[in-house]
Amino acid sequence: MNLFTRASSLRREAPPTAPAPTTPALPQRRPGQQQSAPTGVLDPSLAPLTGEWVVDPAHSRIGFSVRHALVTTVRGSFAEFESRLYFDGRDPSRSRAEIVLHTASVDTGVEQRDAHLVGRDFLDARSYPQMRFVSTAVRLVGNDVYRMTGDLTIKKVTRPVDLELTYIGHVTDAFGDERVGFDGTTTINRSEWGLTYDQRLAEGGAMVSEKVRLQFDIAAIRMSRG
């Protein structure tokens, strides 16, 4: 994937003193998908953030959590990934995102567990070195809250997911780079993507829950406007 070229960005523009509420346009529906009006009001001060961004790996976490042995939670993340982001602060429906994760970079803090996760029981990193999320629609659903629908591909299985994203804030750092923050989450059933490991406990429950919570703690840097 070709990433945008990093360059120093412009400083944040001051918001209007008396902004008028703006109703964002809604994305086109998929066949059979119902469309509902957003419940939030689009903040006009987000308009200057319109442009291309890239996730900063040093200040971001793309991870997961899953129930293990019924009573504990295992948390992990992917250390290596690439991204292409476009945020439209005037019309969120025009925003889009693509993130590619390297499956072999999974890290739960336990070497033996990581080796199991990259093996054939789970991610099979040798045969499927990448996971991919590509957005298909974005809409405002609350103040500073967006719902991003997209296609998640794991082990060549592609299925739609809804990712809820909360806008955290925007700053210009000491190097003159503009940064924007979002927190996102969604829950998937791993078996729907071919992650069908099913060891059972003596009590009858699953060793690893089928429900996996995906977490996106994103700090993105604006790319060159040129």
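## Exercises on loops, pockets and rings

D124 is found in the loop between α1 and β7. Helices (H or I, at least four residues) and strands (E, at least two) are DSSP runs, numbered from the N terminus. The model is predicted: local features need pLDDT of at least 70 and side-chain atom pairs pLDDT 80 or more, whereas totals for chains, interfaces and linings use all residues. Residues are numbered from 1 along each chain as its sequence is written, and side-chain values use heavy atoms, with hydrogens and water left out.

### Exercise 1. Positive phi

Find the phi of D124, then decide whether D124 is buried or exposed.

Solution. 
- Phi of D124 is near 50°, a positive value in a residue other than glycine.
- The relative accessible area of D124 is 12%. Buried means under 20%, exposed over 50%, partly exposed in between (1.4 Å probe, protein chains only). D124 is therefore buried.

Repeat for D144: where does it lie?

Solution. 
- D144 lies in the loop between β7 and β8.
- Its phi is near 70°, again positive in a residue other than glycine.
- With a relative accessible area of 30%, D144 is partly exposed.

### Exercise 2. The largest pocket

Describe the largest pocket by volume, lining and class.

Solution. 
- On a 1 Å grid over the protein atoms alone, a pocket is an open set of points with protein on both sides within 12 Å along at least five of seven lines; a cavity is a set where a 1.4 Å probe fits but cannot get out; lining residues have an atom within 4 Å of a point. Points are joined across faces, edges and corners, and a volume is the space filled by probe spheres set on them.
- The volume of the largest pocket is about 570 Å³.
- Its lining has 32 residues; F64, V66, L117, F122 and V212 lie nearest the centre.
- Elements giving two or more residues to this lining include β3 (72-78), α1 (111-117) and β11 (208-222). The top contributor is β2, with six residues.
- The lining splits into 23 nonpolar, five polar and four charged residues. Here Ala, Val, Leu, Ile, Met, Phe, Trp, Tyr, Cys and Pro are nonpolar, Asp, Glu, Lys and Arg charged, and the others, Gly among them, polar.

### Exercise 3. The cavities

How many cavities of 30 Å³ or more does the structure hold?

Solution. 
- There are two cavities of 30 Å³ or more.
- The largest cavity has a volume of about 290 Å³. It is lined by 20 residues, with L85, A97, M148, L165 and F182 closest to its centre. Its lining has 18 nonpolar, one polar and one charged residues.
- The second largest cavity holds about 30 Å³. F133, L152, V161, L163, T186, L214 and F216 line it. β9 and β11 each give two or more of these residues. The class count is six nonpolar, one polar and no charged.

### Exercise 4. Aromatic rings

How many aromatic pairs are there?

Solution. 
- Rings of Phe, Tyr and Trp (its six-membered ring) pair if their centres lie within 6.5 Å; planes under 30 degrees apart count as stacked, over 60 as edge-to-face and the rest as tilted.
- By this rule there are six aromatic pairs.
- F64 and F78 make a tilted pair, at 5.9 Å centre to centre and 50° between planes. F64 sits in strand β2 and F78 in strand β3, 14 residues apart. F64 is buried at 10% relative accessible area, and F78 is buried at 8%.
- F122 and Y197 have ring centres 4.9 Å apart and planes at 50°, so this pair is tilted. F122 lies in the loop between α1 and β7, Y197 in the loop between β10 (178-189) and β11, so the pair ties together parts 75 residues apart in sequence. F122 is buried at 7%, Y197 at 16%.
- F87, Y146, Y167 and F182 form one aromatic cluster.

### Exercise 5. Polar contacts

Solution. 
- A polar contact is a pair of N or O atoms within 3.5 Å; within protein, one must be able to donate a hydrogen and the other to accept it, and residues adjacent in sequence count only if both atoms are side-chain atoms.
- E98 is in strand β5. Its side chain meets that of R132 in a polar contact of 2.5 Å. Their C-alpha atoms are separated by 7.3 Å, although the residues are 34 apart along the chain.
- H170 belongs to strand β9 and is buried at 8% relative accessible area. A polar contact of 2.6 Å joins its side chain to that of E178.
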